[in-house]
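Subject: Structure for your review

Dear colleague,

Please find the structure below, followed by an account of what was found in it.

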Amino acid sequence: MLLEALIALLIFALAVLGLVGLQASMTRATSGAKYRADAAYLASDLVGLMWTDSRNLALYDTSKCAGHPPCQRWLERVKERLPTGVGQAQVSATDPGQVTVKLTWQAPSDDAHQFQTTTAVNPNPLQQP
């Protein structure tokens, strides 16, 4: 009877370990989905900023972004919401209004991830001088 109790305890312990592993996997998947959703939101947010400030579209390029307050605040939000998050925007010099937004991040003990979107931002006629 003692042997049967020990075997039952062993089976129970293995089941608990399996549930703990499942919980860890589920938490990792949920975190990954949240980061992907945040990246899509942040990219959309920057495109919206560009639409409302289309007169200064060139200032949203990564090389000039730190000097433009709306873009600088967006970069700060990227760092706050994504682990080791880096946001980049590339305004095309050859194709007027074409913008590529790229976000990269890496969660602890996970691979690096990237979200990229390309869109066209036409000048807002109400903002023209």
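Helices (H or I, at least four residues) and strands (E, at least two) are DSSP runs, numbered from the N terminus. Ala37, for example, has its place in helix 1. This is a predicted model, in which local features need pLDDT of at least 70 and side-chain atom pairs count only at pLDDT 80 or more, while totals for chains, interfaces and linings use all residues. Residues are numbered from 1 along each chain as its sequence is written, and side-chain values use heavy atoms, with hydrogens and water left out.

The sheet

Two strands are taken to pair if DSSP finds at least two bridges between them. On that basis, three strands form an open sheet in the order 1-2-3, with antiparallel pairing. Strand 1 (86-91) and strand 3 (112-120) stand at the edges with a single partner strand each, so one side of each has no neighbour in the sheet. From one strand to the next the twist averages 15°; angles run from 0 to 180 degrees between N-to-C directions, and axes are lines fitted to C-alpha atoms, for helices over the stretch in contact.

Six bridges join strand 1 to strand 2 (residues 98-106) in the antiparallel sense, and Gln90 has Thr100 in strand 2 as its bridge partner. The hairpin of these two strands has six residues between them, and Gly97 takes a positive phi near 85° there. Strand 2 and strand 3 are also antiparallel, with nine bridges; the bridge partner of Thr104 in strand 3 is Gln114. Five residues lie between the strands of this second hairpin, where Ser109 in the turn has a positive phi of about 50°.

Contact here means heavy atoms within 4.5 Å. Helix 1 lies across strand 1, strand 2 and strand 3, and runs at about 150° to strand 2. Helix 3 (residues 69-81) packs on the sheet as well, touching strand 1 and strand 2, and its direction makes about 145° with that of strand 1. Strand 1 has a covered face, made by Gly87, Ala89 and Val91, and an uncovered one, made by Val86, Gln88 and Gln90.

For single residues, buried means under 20% relative accessible area, exposed means over 50%, and partly exposed lies in between (1.4 Å probe, protein chains only). Ala37 is partly exposed because its relative accessible area is 45%. The C-alpha atoms of Ala37 and Phe115 are separated by 9.8 Å, although the two residues are 78 apart along the chain.

Salt bridges

Side chains of opposite charge can pair when their charged atoms come close. A salt bridge is counted when a side-chain nitrogen of Lys or Arg is within 4 Å of a carboxyl oxygen of Asp or Glu. By this rule there are three salt bridges.

Which residues take part? Asp38 and Lys34 meet in one of them, with 2.4 Å from N to O; both lie in helix 1, four residues apart, about one turn of the helix. Asp38 is buried, at 8% relative accessible area, whereas Lys34 is partly exposed, at 45%. Arg81 also forms a salt bridge with Asp38, the closest N and O atoms being 3.8 Å apart. Arg81 belongs to helix 3 and Asp38 to helix 1, so this pair ties together parts that are 43 residues apart in sequence. Arg81 is partly exposed, with a relative accessible area of 35%.

Asp45 forms a salt bridge with Arg77, with the closest N and O atoms 2.5 Å apart. Since Asp45 lies in helix 1 and Arg77 in helix 3, the pair ties together parts 32 residues apart in sequence. Asp45 is partly exposed at 21%, and Arg77 is partly exposed at 28%. Salt bridges that share partners join Lys34, Asp38 and Arg81 into one network.

A nonpolar surface patch

Patches are made of residues with over 30% relative accessible area and no salt bridge; like charges are joined within 9 Å, and nonpolar side chains (Val, Leu, Ile, Met, Phe, Trp, Tyr) within 5 Å. Accessible areas come from the Shrake-Rupley method with a 1.4 Å probe, and for residues only the protein chains shown count as cover. Leu2, Leu6, Leu9, Phe12, Val16 and Val20 make a nonpolar surface patch of about 630 Å². Of these, Leu9 lies in helix 1 (residues 2-52) and counts as exposed because its relative accessibility is 53%.

Yours sincerely
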